[in-house]
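Dear colleague,

I am handing over the structure we spoke about, and I would be grateful if you could look through it alongside the notes that follow.

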Amino acid sequence: MSKMSTISLITDFGFRDNFVGVIKAVILKINPDVNIVDISHGVKPQDIQEAAFLLKSSFRYFPYQTVHLVVVDPGVGSDRKKILLKTKNYFFIGPDNGVFAPALADEPPLEIIEITNQRYFLKPTSSTFHGRDIFAPVAAYLTRILDKKRVLHGQGKISNFGKRVKSLKDLRLPEARVKSLNLTGEIIYIDHFGNLVSNIDKDTLDNFIKNKKYKICIKNKTINKLSHGYSEGSHLQPFALVDSFNYLEIAINGGSASNYLGVDKGTKINIIRSI
Amino acid sequence: MSKMSTISLITDFGFRDNFVGVIKAVILKINPDVNIVDISHGVKPQDIQEAAFLLKSSFRYFPYQTVHLVVVDPGVGSDRKKILLKTKNYFFIGPDNGVFAPALADEPPLEIIEITNQRYFLKPTSSTFHGRDIFAPVAAYLTRILDKKRVLHGQGKISNFGKRVKSLKDLRLPEARVKSLNLTGEIIYIDHFGNLVSNIDKDTLDNFIKNKKYKICIKNKTINKLSHGYSEGSHLQPFALVDSFNYLEIAINGGSASNYLGVDKGTKINIIRSI
Amino acid sequence: MSKMSTISLITDFGFRDNFVGVIKAVILKINPDVNIVDISHGVKPQDIQEAAFLLKSSFRYFPYQTVHLVVVDPGVGSDRKKILLKTKNYFFIGPDNGVFAPALADEPPLEIIEITNQRYFLKPTSSTFHGRDIFAPVAAYLTRILDKKRVLHGQGKISNFGKRVKSLKDLRLPEARVKSLNLTGEIIYIDHFGNLVSNIDKDTLDNFIKNKKYKICIKNKTINKLSHGYSEGSHLQPFALVDSFNYLEIAINGGSASNYLGVDKGTKINIIRSI
């Protein structure tokens with residue numbers, strides 16, 4: 001039998017400990033024929049917003065019916081819900097802390113299940129590592145069902161895992177705002193190269209600029225145009241481009257824009273358009 | 001044919017170099033149908049005790065007959081033995097430096113083989129990278145046998161790899177001690193969140209406390225109770241809990257206990273019980 | 001169907017972002033039956049030479065017909081070519097920036113294709129992430145062809161992806177030089193243990209020394225012999241050995257030679273032979 005299902009992982013578990021390895025062990029013990037793909041385990045500890053951004057930017061690239069497991073879980077052991085949900089193309093599993101909301105804005109949930117059926121839990125079930133004891137085995141058992149059917153007929157199937165609920169915790173990533181000739185956003189992600197990813201997407205930008213002249217201001221720097229690739233800017237000069245995930249990004253050719261400009265997450269970016 | 005076997009990896013090889021990738025290449029060249037799971041490559045260089053702790057905490061979560069490959073090998077090129085051993089549920093492969101001993105305390109070896117049969121080695125065989133040249137190919141050939149049989153009948157099979165020996169190098173993780181009303185342990189692992197994992201396990205703790213009042217002392221801090229999850233403590237106040245691997249742990253809600261308390265591995269933790 | 005093909009990855013994408021995960025997603029969406037092996041994602045940003053060294057040291061250990069994907073791509077979005085090439089045993093895919101040259105010195109290309117056939121690209125195709133949009137899908141579609149045939153008969157097959165070209169961009173790793181009684185090389189890689197890997201290979205060294213006495217000089221240290229393993233040197237004394245990839249290496253038993261000697265990439269290493 002060929003590998004049919006994929007489980008993706010986003011956590012804040014880092015790289016040194018055995019947490020991720022043990023989650024994979026639990027999955028493979030239940031279903032050895034699953035592909036497991038790490039999206040990131042380098043989420044800043046307990047930073048749900050960062051995990052939400054990574055999930056929103058990534059989930060669409062995965063095979064049909066991939067199970068996206070997101071365990072950034074500051075509320076583990078509290079009464080926050082454990083969620084399994086289904087969209088047109090994917091499944092999402094994790095604590096109900098808002099982390100799915102930005103992704104679901106693009107692909108709304110068709111069914112939301114609060115995971116309660118302990119039959120699928122690892123025993124004994126700890127109160128502090130639901131990633132290993134609840135989310136991983138539920139994801140693995142779900143892929144076993146998917147391997148058999150490839151498509152979940154009806155809704156009865158995933159409701160085996162718990163009870164249907166109507167809503168999820170919400171989370172909104174900071175939004176860019178237009179006020180007359182100003183478009184103001186902020187840096188919401190800084191990648192490993194030091195590139196500064198803003199929350200201004202290509203559509204918002206195009207609608208705002210409309211072929212007029214503009215300047216992009218961040219810290220004390222002003223940029224007057226959009227570049228088309230990372231090799232275009234002059235050496236160590238900041239430049240702007242729409243990145244491959246469709247966000248306006250500030251980068252520096254041959255260096256870290258974050259270090260060079262002293263910019264952290266939350267720094268404002270302002271675009272001023274001429275009349 | 002479905003994937004049937006799993007090989008887990010624990011090394012101190014880190015993340016930048018090609019050591020781990022080349023080990024996986026060697027394995028897949030021999031058996032492409034194996035799942036390889038990284039437990040950790042972030043073991044402190046040559047820290048056998050840390051690797052032993054990670055192995056002991058992890059091996060049990062893996063599928064039946066997983067081959068656990070542990071290469072933290074300060075003695076590579078010396079005359080330390082190369083070992084393959086079998087327990088009721090698993091196989092373990094690596095240099096004979098004591099790293100298996102704490103795991104084997106829970107699941108004793110049924111057969112121990114000193115790996116000597118060069119037929120299974122990569123050629124030429126280096127004197128400095130036995131992980132690639134000896135342990136990885138032996139693990140991969142072993143999974144090929146397992147894929148055929150699922151169960152190793154008799155003992156002749158793994159003795160193909162070398163000669164039976166009777167004992168292994170020992171290694172003891174520091175043990176907690178009770179002396180009248182004091183239970184003294186130490187911090188043996190600090191995870192990526194900065195949580196302080198002690199060598200006091202749940203059974204030892206329960207037997208000592210016996211429903212009496214107690215205080216937990218570490219550095220100049222005193223904690224009077226056990227919490228049940230990471231979200232319970234007050235912000236930036238240290239708290240104690242039994243973690244998901246059953247060890248007493250000191251953590252801080254929203255921060256790194258290691259940084260906040262200035263605690264390293266080896267720091268004593270003391271529990272004083274009332275009469 | 002068993003897993004038949006392997007894709008290896010070398011990038012400078014690091015470990016925190018979703019870049020690598022999304023590349024794997026794209027691959028598995030096209031061919032779920034492929035093994036993906038990370039060689040390294042810790043290449044220093046845009047350091048083509050480091051990637052070339054890692055590729056040259058690693059590619060040979062992989063299964064026959066592995067597709068080696070190397071994306072260290074400072075020129076993304078410029079007019080640098082996108083290359084797919086075939087050697088006797090392997091395939092190589094990535095930007096044409098010289099990164100393949102040192103590996104190909106050992107195993108010359110039989111056919112070089114400039115990737116131009118947009119049929120195999122992810123749509124829309126960004127100008128800044130060809131790893132995801134071009135190289136990953138081309139690698140995945142190639143493995144699907146390989147899975148069907150195991151061997152590419154004739155050359156028509158890989159030329160589906162673009163047009164045949166005759167040459168590649170060259171890149172030479174710094175070479176060691178002999179001048180009478182001096183053999184001078186330099187440190188070209190420093191591994192995670194702090195071991196200093198030089199560009200002096202075993203053959204060059206043996207030919208130069210010819211059983212004469214010699215001393216190895218680096219910074220202000222002099223070493224008079226070759227050790228055979230990492231456990232041979234005295235504690236914190238630097239020693240020299242031929243490493244498992246056949247390069248002369250300077251290491252320190254129980255420490256980082258890089259930190260201890262204050263050596264970076266590019267530092268000269270000089271061997272002086274007696275007459």
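Predicted model: local features only at pLDDT ≥ 70, side-chain atom pairs only at ≥ 80, totals over all residues.

The partner of A:Asp206 is A:Lys202, and the two form a salt bridge in which the closest N and O atoms are 2.8 Å apart. Both residues belong to helix α5 of chain A, where they are separated by 4 residues, or about one turn of the helix. A:Lys202 likewise counts as partly exposed, at 34% relative accessibility.

After the helix comes A:Lys210, which has a positive phi, near 45 degrees.

Over all chains, the structure holds 36 salt bridges. One of these joins the side chains of A:Glu186 and A:Lys268, at 3.2 Å from N to O. This pair links distant parts of the chain, since A:Glu186 sits in strand β9 (residues 182–190) and A:Lys268 in strand β16 (residues 268–273) of chain A, 82 residues apart. A:Glu186 is buried, because its relative accessible area of 16% is under the 20% cut-off.

In chain B, the side chains of B:Asp106 and B:Lys56 meet in a salt bridge at 3.3 Å, again taken from N to O. B:Asp106 lies in the loop between α3 (101–104) and β6 (111–115) of chain B, whereas B:Lys56 is in helix α2 (residues 48–58) of chain B, so the pair ties together parts that are 50 residues apart in sequence. Of the two partners, B:Asp106 is partly exposed, with a relative accessible area of 38%, while B:Lys56 is buried, with a value of 16%. Returning to chain A, salt bridges that share partners join A:Asp47, A:Glu50 and A:Lys265 into one network.

Finally, as to how the chains are arranged, chain A is superposed on chain C by a rotation of 120 degrees with 0.0 Å of shift along its axis, the RMSD being 0.0 Å. That is the relation of a three-fold axis.

Note on methods
Residues numbered from 1 in each chain as written. Chains lettered and ligands numbered in written order. Heavy atoms only, no water. Least-squares fit on C-alpha atoms with pLDDT ≥ 70 in both. Helix = DSSP H or I, 4+ residues; strand = E, 2+ residues; numbered from the N terminus. Salt bridge = Lys/Arg side-chain N within 4 Å of Asp/Glu carboxyl O. Buried < 20%, exposed > 50% of the residue type's maximum accessible area, 1.4 Å probe, protein only.
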